[in-house]
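Open the model in your viewer and keep the selection tool ready. We will go stop by stop.

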Amino acid sequence: METKQFKAESKRLLDMMINSIYTHKEIFLRELISNASDAIDKLYYKSLTDTSVGMNKDDFAIQLKADKENRTFTISDNGIGMTEEELENNLGTIANSGSFNFKKDNELGDDVDIIGQFGVGFYSTFMVAKEVTVYTKPYGSEKAWKWQSNGVDGYTVEECGKDGFGTEIVLKMKDNTDDENYDKYLDQYQIQSLVKKYSDYIRFPIKMDVEHTHYPDDENAEPEKHIVNETLNSMTPIWKKNKNELKDEDYNNFYTEKFMDYMPPLAHIHSKNEGIATFDALLYIPSKAPFDYYSKDYEKGLQLYSSGVLIMEKCADLLPDYFSFVKGLVDSEDLSLNISRELLQHDRQLKIIAKNVEKSIKNELAKMLKNDREKYLKFYETFGLQFKFGIYQSYGASKDTLQDLLMWPSSFDGKNVTLEEYVSRMKEDQEEIYYACGESIARIEMLPQLERVKDKGFEVLYFTQDVDEFAIKVMMEYKGKKFKSISDGDLDLETEEEKEETKKTAEENQDMFKFMTDALEGKVKDVRLSSKLKSHPVCLSAEGSITIEMEKVLNSMPQNEGKEVKAEKCLELNSSHPVFAKLKDLYASDRDKLKDYTKLLYSQARLIEGLSVEDPVEFANLICGLMV
Ligand code: ADP
Ligand code: MG
């Protein structure tokens, strides 16, 4: 018989397993049971929609058998089984090879659940077995197949005999070594406790012959031993249990197993709902973003069960995009079993459930923010960006849901604050919510305009992400307070007297401003006095709907290539700065020089705003001119 080789990646993984970089060998049992349960699920689902199957729920079971003498462990199921082709495809290669990233593994610690993470459960058997044999007969087929492998030399497939459909897997356990005792996986108590630990929620009975010893009343009589084929798991799915029966650990274990994460979640939401829609939901907020989260490969969705039967692995309609990081499931008796994907989209029940799910996620996050700020900050660090996109992409429709979950660092203490906190601290005479944009907090803190606003005692939100300003533009306001960029042209910071004073100086210097505007040849709309500068001589401000920050972002988008977007800019001057006096001198005595200085000041202002200098050679020459 021909021995076939494993696919290259599978081989690498097998090497890793066999060489045992993985410490929790015991999870092989969980993986085998999950596969058996999946196989039964498939046939059970078929039986519900296809009457010719003729199986009742009670007919399904997973059977375990440990044979200490021959050192074999056997698991059998009466699930759907595998055809010869499926055997090849499923056990000869890694189902999900795309996500297998060897380099990534090497960076992970010892206690990391590689298997769960990559969904390569079957291979874990080779951590404990020196030979694995699979007998399988697909439901409705006459033929059965035997697959066998020692993990190292490839595998063989041949036809065999088998009673009944389903799959039986026999592990020939490894020999004990000084470091590892494989006999323990053949021990009745050990197996019982592993099933309880990992597979208690499996919805089909996991059975095993369990030996009971009965001690008769008569002390001289021999103890009686008898064997009972017992069900080891409680079978109630975790989400059907009462909250008070469950510990955080139970929720977390269920999560890491089911959703293939190696880190426990940040939070879980377990809800039972009755009313217009009857459903149970178990939702999790992961503590880390999956590696593909911010890519288009990421698929959002919740598992959808109908009365305990899985009908859809990822139901996208149950989650809005801005909560796409949530994992979990919904189980409802209101949904029809053979509902198709298209029908589901129009299902009224589903829409009601989705609304409820959204609300409970929002409430959970709000609760976290209120009661455990540290945790929320961690969460926000990972997934907060999604909320800003959510607001922007919905043109503000999701504002009510999301606005109190947003945070930005601010001039208050450099840390993240909410809009509610900002508004609660607003000064009596403050009308607007101030913000400043820049590529980093450090860059923003260098902005000349900031000083004056802070001096006035106003708090300023720091926007460092491209989407920030776009998001608040569609929000328009928060609790009646408008947002205002400190780079806006009409930032109103002066007292009445100051305004008078500015007006006077402006009138006196009108001609010079006109001259300077002309010197800049259309680059600015206006040169004028600033009300927001304190120790710096110049800054740029923008007028109209496009701010300087938006100009930067829009021009960096590939779809806008070739159509340059420009903010309407004004060069603002600080009349109390010595440079201003110098400009006035030059206007009277040397206009050519004033022209050069104007260009220099304009370039400086661009640099401070994080824009590039338009003509670097001219800029350099002007500076050299000052030096020599
Ligand atoms: P996963 O369960 O994540 O798909 P596994 O490595 O655990 O990956 O299993 C690979 C595939 O082998 C399964 O997807 C399934 O198609 C098949 N398989 C494994 N065990 C059984 C079984 N007991 N009955 C039917 N098919 C099975
Ligand atoms: Mg599996």
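Which residues touch the most other members of the largest nonpolar core? Select F323, F325, L365, Y376, F379 and F387, out of 69 residues in that core. A nonpolar core here is a set of buried Ala, Val, Leu, Ile, Met, Phe, Trp, Tyr and Cys residues joined through side-chain atoms within 4.5 Å. Buried means under 20% relative accessible area, exposed over 50%, partly exposed in between (1.4 Å probe, protein chains only).

This is a predicted model: local features need pLDDT of at least 70, side-chain atom pairs count only at pLDDT 80 or more, and totals for chains, interfaces and linings use all residues. Residues are numbered from 1 along each chain as its sequence is written, chains are lettered from A and ligands numbered from 1 in the order in which they are written, and side-chain values use heavy atoms, without hydrogens or water.

Next, select helix α9, residues 348-371. With nine residues, helix α9 gives the most to this core. Helices are DSSP runs (H or I, at least four residues), numbered from the N terminus. Now colour domain 2 (238-374) and domain 3 (407-485): both give residues to the core, so it lies between them. Domain bounds come from an automatic or database assignment.

Zoom in on F379. Its contacts (heavy atoms within 4.5 Å) include L266, I285, F325 and L365, leaving aside residues up to four places away in sequence.

Move to K399, in helix α11 (residues 399-402). K399 is buried, at 12% relative accessible area. K399 touches M475 and E477, again not counting residues up to four places away in sequence.

Terms used: Helix = DSSP H or I, 4+ residues; strand = E, 2+ residues; numbered from the N terminus.
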